[in-house]
Amino acid sequence: MANTAAAEGAAQEAKRRSVWAQTLRMLVRRRIVAVGIGLVVGGFLVAVLAPLLASHNPNELTIADRLRPPSRANLFGTDGFGRDVYSRVVYGARLSILVGAMSVAVASIGGGIAGLIAGFYPRLDGVLMRIMDGIMAFPNIVLAIALMASLGPSVINVIFSLGFVYMPRVARVVRSGVLVIRESLYVEAARALGARDHRILRLDILPNCLSPIIVQATFVFAYAVLGEAALSFLGVGVPPYISSWGNILSEGRQFITQAPWITIFPGVAIMLTVLGLNVVGDGLRDACDPRMRYLYGRMSKSTKA
Amino acid sequence: MKEYLLRRILALAPVMFVVATLVFVLMHLTPGDPVSAMLGMDASAVDIARMRSRLDLDQPLFFQYALWLGKVVRGNLGESIFLQVPVLTAVLERLEPTLLLTLLAITFAVGVGIPAGVISATRFGSAADQGIMVVALLGVSMPDFWLGLNLIFLIAVKFGWLPVAGYVSLSADWLATLRYLIMPAFCLGFIQSALIARMTRAVMLDVLAQDYIRTGHAKGLSRECVVYKHALKNAMIPTLTVIGITFAIMMGGAIVIETVFNIPGVGRLLIQSVTRRDYPVIQGVVLLIAGAYVLINLLVDVAYAYLDPRIKYV
């Protein structure tokens, strides 16, 4: 019995490794997903290399040069305070990527723990899922605004608010996975051998829940980028002195008739980042779907034949 | 059906309890003294003490919660500190623009999203399919407020076809109301139409792959009969649930659009209250929006059970 369970565990491990390799192959084969990956990597590179890519100090005020149209000196023009819009957009990428990544971390950790506990312990399932349902009962932006109204404007509070709002999505997905995996033979064998709950959760259940978490994480990243921009645009997000795409759009709104370029470029930046994340998320979801993997496997074999 | 309805209503009770508790806790998360934050730095100690007593903030926390919950159940959402009117009155006065905006937006979203999804699915792999999906993908990636700002510049400022911003009451001039709401409704509806198009396409593709569709073709039924009489009917069931949820999501999206276009709706009231630190209004509006969201989801579930009887037995 123990040998059978160990063999099944080893087979599962080997299968998981080949599944990851197949998933990666499926991802990069699709041209649109490759473009999405390019956009996401590009966004990360802009965020990391912002000090090198920016042509000016994003907070440097030059009132004499206010509301200038795009030119060689100022690629995206200047805003109402004479600040270079291109440099502000580049530094805004830093904030968006930071907020997106940290919100994903908060949502994944919080939602992952809640989902694991809810799925593994039936007695706690009802309570935890009703709490998640309660959080999901709010439209996302409404709950985020209410949280920001209570906590006050800061980058940390935006990260916490967005992570909290998207936590139930991750919790539901993880819980669904745990409900299936906990009935597996190798989990039963681990229990019979005396393994403690935290060991089973950490070594047997959590690794098998990773792929749906990663798929959700890409979508949460996209929502968090849009959410931060919306909160900052409404004036309840990051403080106005921080270069954020939402802040640039909010400031550009009052100059929409004289200087439309202030609102065009940060909006394009948001759209390209979110587009890349959505495309990668779609690709990951299809790659992790067993039906798509079966079809891909058949296609690959027929190509080789 | 009655049993299913009763089960769903009973399942709402714990959810609404969590919603109410969360709303109450949110307002008490404010760092420092919320009354000082409301009244400002110049408020005297007497004013602060009077306000704390008025808002029952001098009572123990659990007692405050019980008092607040009791008032909410009786329809008393408190009074706006800034506007000096009951919160419910302030919301009802601003409900018309928000409802009209949401209804127009959902009409556009459904009117464009479903046909686009059907065309995309029935012409799978064609240029039309790829074109529609590219537009839909761009739509779901685009911030609706950015679309609104660009439309204001192009349509209102450059060409002068529509007013820049504002609102006219339906009773004053319904044509003017329509003119003021066309652009905002398009912004709100376009993003959701992209979501509906994607969903409709995915569901239609699943349905078109079913055996009974192949049987219909084999029997010699026309393509239109197979697609519109058989496939679309079954594809509409999950799509209708998405439409219902979209209606609820639009209530959140309306907050941003009302800010862009200066529409005096419930969403704008919420943002103004956040700026003014009018906590009773923030609490009341958030609770009402969450309650409406829960109710709409309940109606969607009931409609789904009515259209697909298998759901009742789950």
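Helices here are DSSP runs of H or I with at least four residues, numbered from the N terminus. With that in hand, Met167(A) sits in helix H7 (residues 155-181) of chain A. This is a predicted model, where local features need pLDDT of at least 70, side-chain atom pairs count only at pLDDT 80 or more, and totals for chains, interfaces and linings use all residues. Residues are numbered from 1 along each chain as its sequence is written, while chains are lettered from A and ligands numbered from 1 in the order in which they are written.

**A closer look at Met167(A)**
- Met167(A) counts as buried because 26 other C-beta atoms lie within 10 Å (the cut-off is 20 or more, with C-beta atoms placed from the backbone).
- Leaving out residues up to four places away in sequence, Met167(A) touches Ala107(A), Gly110(A), Gly111(A) and Ile135(A) (touching, or contact, puts the C-beta atoms, placed from the backbone, within 7 Å).

**Where chains A and B meet**
- 39 residues of chain B are in contact with 38 residues of chain A.
- Several helices of chain B each give at least two residues to that side, including H1 (2-27) and H11 (223-260).
- Sorted by class, the chain B side has 34 nonpolar, five polar and no charged residues (nonpolar: Ala, Val, Leu, Ile, Met, Phe, Trp, Tyr, Cys and Pro; charged: Asp, Glu, Lys and Arg; polar: the others, Gly among them).

**Two domains in chain B**
- Chain B splits into domain 1 (1-94 + 265-314) and domain 2 (101-264), with bounds from an automatic or database domain assignment.
- In chain B, 17 residues of domain 1 are in contact with 15 residues of domain 2.
- H13(B) supplies the largest share of the domain 1 side, 10 residues.

Definitions and conventions. Two residues are in contact if their C-beta atoms, placed from the backbone, lie within 7 Å. A residue is buried if 20 or more other C-beta atoms lie within 10 Å of its own, exposed if 12 or fewer, and partly exposed in between; C-beta atoms are placed from the backbone.
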